[in-house]
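Dear colleague,

Please find the structure below, together with a written account of what was found in it.

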Amino acid sequence: MKITIIGHGYVGLVTGCVLADLGHKVSIIGRNKDKLEKLNNGDPIIYEPGLKPILKRNLASNHIEFRLDYNSVKDSKVVFIAVGTPPNPDGSADLSAVIEVAEKIAEHLSDKHFTVVSCKSTVPIGTNQMIEKIITKKAASKKIKFATASCPEFLKEGSAVKDTLTPDRIVIGSNSKEAIEILLQLHKKLPGKRVITDLQSAELIKYASNSMLVTKISFANLISFYAEKTGADVKTVLTAVGLDKRIGKQFLGAGIGYGGSCFPKDIKALIYMGKRLKIDTSLIESTEKVNQQAKDNFLKKIIDNARGKNIAVWGLSFKPNTDDIRFSPSLYLIDKLLKRNFKITAYDPKAIANTQKIYKNKINYAADQYSCLQNKDGLVITTDWKQFITADLKKVKKLLNYPDIFDGRNIYELEAMQKLGFNYYSTGRPTIKQNK
Ligand SMILES: NC(=O)c1ccc[n+]([C@@H]2O[C@H](COP(=O)([O-])OP(=O)(O)OC[C@H]3O[C@@H](n4cnc5c(N)ncnc54)[C@H](O)[C@@H]3O)[C@@H](O)[C@H]2O)c1
């Protein structure tokens, strides 16, 4: 099937590469010539495990191409919108890119065949109907046959290729049977339950899923506050809670909370929508509040206990296995520490280049995780990359001026920290303070 995707970010590029790998002919539209050239030369621009080889092999077999113009739209059976929908200052989703590309799609839709215009971007309820109106109005002079469909995306950065190849579910919302049939056909080779529904339900499924996930994270953090005040160990508590099959163990980790380009903005957008619909949104508002408290709680531990201002930070990305630093809790902490005259040296396996664009030389960057520690007064861990979890802790202790670890992701066992002689500040677990 011929497909056009607009946007080559984490969603557009991964979806395009996987669909190309399944045998479809994919054109991806972007707006930056340099980036398109890199993509056409096999450089994915973003880091996502396993993505580069798929991109390269589909470029070689001519199953994927990157272009500036919208000419591929007229031959495509499905056109996916996968542009960003960042937050406006009032919390609503900024739909300017969606509107802009809907108008461009309208100009290029064919009057020779039926086309599905499907939004993969996370958009407020009613947006796909709005897209339909924009296209109908803009293409009024042509006799185009099209339908909109909401196909929300559930991939996770860091495992996006795997998630796209093995989705838990594929949600298709549309008022058009023909559009649903085409999208079912397009995804035929992929596993996962199919959820066929209307436009509004599909749009709401995405927001409901993300708000459920962040509510679990904030609930875990709330329980960590109880643990800290009473001497309980939140890891044991939440492991036991998660063993209940009705609850499940995922997303029950306490720490410095969620970040990234999706969770914070989607929660804000859901609150904004709720307020406009006159719904009491206090449950999800509390989720945001607890997330903020989790970050500030951890920050206070560093400020109150660090024995010097020259600090090493492990982790810049908002989660492991990605180079994405958007709304990363790590950057929030770094900003606050810089304001208090801390000197930061950071290491991250993939996110240094993106961080350098923002901080320039406001912080130092280390070439590897151990050189980052040399002569530092303590280590702050903000992202649970595997190589931090499996670090040589004896080496860590030797390199630091003071053996103080502030662990925002609860990655080490208390017994190990005790045995190795660290002062260890984690979340919702007893502090180990043995080294004066
Ligand atoms: N990243 C995720 O994990 C994830 C998961 C599920 C859903 N989503 C949703 O998918 C959407 C895209 O997310 P992303 O992470 O891929 O974003 P991204 O920022 O990585 O990529 C957005 C892409 O859209 C392009 N773009 C923006 N405005 C454009 C315009 N006017 N014309 C053409 N191209 C334009 C950008 O150049 C970029 O390539 C968002 O709505 C997001 O909420 C993201």
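How are H8 and H10 oriented to each other: roughly parallel or roughly perpendicular? Before the answer, two remarks on the basis of this account. This is a predicted model, in which local features need pLDDT of at least 70 and side-chain atom pairs count only at pLDDT 80 or more, while totals for chains, interfaces and linings use all residues. Residues are numbered from 1 along each chain as its sequence is written.

The pair H8 and H10

Helix H8 (residues 199-230) and H10 cross at roughly 115 degrees, and their axes come within 9 Å. Axes here are lines fitted to C-alpha atoms, for helices over the stretch in contact, and angles run from 0 to 180 degrees between N-to-C directions. H8 and H10 are therefore roughly perpendicular to each other. On this scale, angles under 35 degrees count as roughly parallel, over 145 as roughly antiparallel, 65 to 115 as roughly perpendicular and the rest as oblique. The crossing of H8 with H10 is left-handed (the near helix is turned anticlockwise from the far one by less than a right angle; clockwise would be right-handed). Helices (H or I, at least four residues) and strands (E, at least two) are DSSP runs, numbered from the N terminus.

On the H8 side, the contact is made by Tyr 207, Asn 210, Ser 211 and Val 214; on the H10 side, by Phe 263, Asp 266, Ile 267, Ala 269 and Leu 270. Residues are in contact if their C-beta atoms, placed from the backbone, lie within 7 Å. By class, this contact of H8 with H10 has six nonpolar, two polar and one charged residues. Ala, Val, Leu, Ile, Met, Phe, Trp, Tyr, Cys and Pro count as nonpolar, Asp, Glu, Lys and Arg as charged, and the others, Gly among them, as polar.

Domains

The protein is divided into domain 1 (2-197), domain 2 (207-288) and domain 3 (290-425), with bounds from an automatic or database domain assignment. Between the C-alpha centres of domain 1 and domain 2 there are 30 Å. Eleven residues from domain 1 and ten residues from domain 2 take part in their contact. The domain 1 side of that contact comprises six nonpolar, three polar and two charged residues.

The eight-stranded sheet

An open sheet of eight strands has the order E3-E2-E1-E4-E5-E6-E7-E8, with mixed pairing; two strands pair if DSSP finds at least two bridges between them. Strand E3 (64-67) and strand E8 (193-197) are at the edges with a single partner strand each, so one side of each has no neighbour in the sheet. On average, neighbouring strands of this sheet are turned by 25 degrees against each other, direction ignored. Four bridges join strand E4 (residues 78-81) and strand E5 (residues 114-119) in the parallel sense, and Ile 81 has Cys 119 in E5 as its bridge partner.

Two helices lie across these strands. Helix H7 (residues 177-186) lies across E4, E5, strand E6 (145-150), strand E7 (169-174) and E8, at about 75 degrees to E5.

Helix H11 and its partners

Helix H10 (residues 263-276) also packs against H11, at an angle of about 150 degrees and with the axes 10 Å apart. That makes H10 roughly antiparallel to H11. Ile 267, Leu 270 and Ile 271 in H10 meet Ile 284, Glu 285, Thr 287 and Glu 288 in H11.

With helix H12 (residues 329-339), helix H11 (residues 282-305) crosses at roughly 45 degrees, the axes coming within 11 Å. H11 and H12 are therefore oblique to each other, and their crossing is right-handed. Lys 295, Leu 299 and Ile 302 in H11 meet Pro 329, Tyr 332, Leu 333, Lys 336 and Leu 337 in H12.

The six-stranded sheet

A further open sheet has six strands in the order E11-E10-E9-E12-E13-E14, and its pairing is parallel. Strand E9 (residues 310-314) and strand E10 (residues 343-347) run parallel and are joined by five bridges, with Trp 314 opposite Tyr 347 in E10. H11 packs on this sheet, touching strand E12 (379-381), strand E13 (404-407) and E14, and its direction makes about 165 degrees with that of E13.

With kind regards
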